[in-house]
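Me: I have a model open on my screen and would like to understand the words used to describe it. Could you walk me through them?

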Amino acid sequence: ACSSSWHRGRQLHDTEQPRHWHLGEQPPRERVMAPVAGQGAQAKEEAGLSDLRAALHTPGPVGLQWLARGYGGEDRCFLSFLRATPTPLDASAAASNIEGTLAFRQDQGLDSYSDSAAVHAALDSHRLRRFLPLSFPGTAPDGCVIQYLRLASVQLRELSAAPEPELRGFVSLWLETALQLEGDSSRARGEPCPGSYDVYDCQGASMWRLFCDVRETRGVLGRVMAMGEAHYPETLYRCFVINASSVVASAWTMCRPFLSVRNQRKVTISTGVPKELVHALGGEAKVAEMVASGATSASES
């Protein structure tokens with residue numbers, strides 16, 4: 001059995017530079033997050049969109065409008081599913097995945113919520129919320145929705161012990177809250193939201209306990225990740241694991257197989273807070289606000 005008495009994550013001094021574990025080749029951001037450049041690629045995406053619309057038989061299946069609303073519009077919704085297919089821009093596979101997602105949404109009752117605030121309220125009132133006290137502290141200057149989770153406050157074993165239907169319901173509310181906030185950001189900015197910045201903070205967490213918890217709940221974590229991959233493609237813009245030790249990189253190797261290569265390349269693990277994240281959020285003050293939101297969320301839970 002794993003002991004939880006292992007050292008806590010080493011904190012960086014102000015004079016130290018954070019180190020990063022590169023999880024495979026880290027391609028330029030535009031290759032991962034944005035449409036592939038070039039007129040030929042753009043023409044292929046336009047053709048894929050046309051084929052997908054035809055495959056879904058306009059006006060589309062029940063629930064499609066609400067799904068598209070969460071993505072900030074039909075084009076971003078359809079392109080997200082097209083880019084996430086094993087063979088890029090496979091309209092038939094994307095249509096099948098969308099129909100599966102709509103069935104999932106109906107099963108979880110996600111289309112019954114009137115707006116992002118209603119979904120968020122349902123998430124906050126869920127019984128399992130206290131085991132995963134994440135926060136949504138606003139948006140970044142580029143429109144990305146910020147998700148922040150202090151790993152020291154997460155109780156993975158309690159989450160994994162919940163009945164499967166209850167856990168699926170909770171996770172669906174988490175993912176749906178983020179999606180609808182992205183839709184809100186898109187409408188506020190008048191352009192598609194790039195996705196979310198997911199920040200997992202290891203500050204104060206027992207690294208060895210975290211490793212053991214991940215190992216023992218790996219099956220549940222895999223099902224949670226698979227749910228996001230299947231029904232919320234391309235909603236993640238970047239994932240930052242901060243204030244981490246090398247033990248976290250070892251834990252990541254157990255979770256990585258559950259994510260697509262495209263999403264794996266969006267993950268960065270750092271021993272501190274990388275400058276890229278500080279810049280993305282809009283400065284040190286915004287980072288402090290984010291961290292404070294996590295403390296508030298944990299105390300409320």
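Predicted model: local features only at pLDDT ≥ 70, side-chain atom pairs only at ≥ 80, totals over all residues.

Me: Why does Glu176 count as buried?

Reply: Its relative accessibility is 0%. Buried means under 20%, so Glu176 counts as buried. This residue lies in helix α8, which covers residues 164-189.

Me: What makes the pairing of Glu176 and Arg105 a polar contact?

Reply: The side chains of these two residues are joined at 2.6 Å. The cut-off for a pair of N or O atoms is within 3.5 Å, so 2.6 Å meets the distance condition. The side chain of Glu176 also has a polar contact with Tyr232, at 2.8 Å. Leaving aside residues up to four places away in sequence, Glu176 touches Trp66, Arg105, Leu110, Val119 and Tyr232.

Me: How many cavities of 30 Å³ or more does the structure hold, and which residues line the largest cavity?

Reply: The structure holds one such cavity, and the largest has about 40 Å³ of space. Its lining consists of Leu134, Gln147, Tyr148, Leu149, Trp174, Asp198, Val199 and Tyr200. Strands β2 (145-150) and β3 (196-201) each give two or more residues to that lining.

Terms used:
Residues numbered from 1 in each chain as written. Heavy atoms only, no water. Helix = DSSP H or I, 4+ residues; strand = E, 2+ residues; numbered from the N terminus. Buried < 20%, exposed > 50% of the residue type's maximum accessible area, 1.4 Å probe, protein only. Polar contact = N/O pair within 3.5 Å; in protein donor to acceptor, adjacent residues only side chain to side chain. Contact = heavy atoms within 4.5 Å. 1 Å grid on protein atoms, 1.4 Å probe; cavity = no way out; pocket = protein on both sides within 12 Å on 5 of 7 lines; lining within 4 Å. Points joined across faces, edges and corners; volume = space filled by probe spheres on them.
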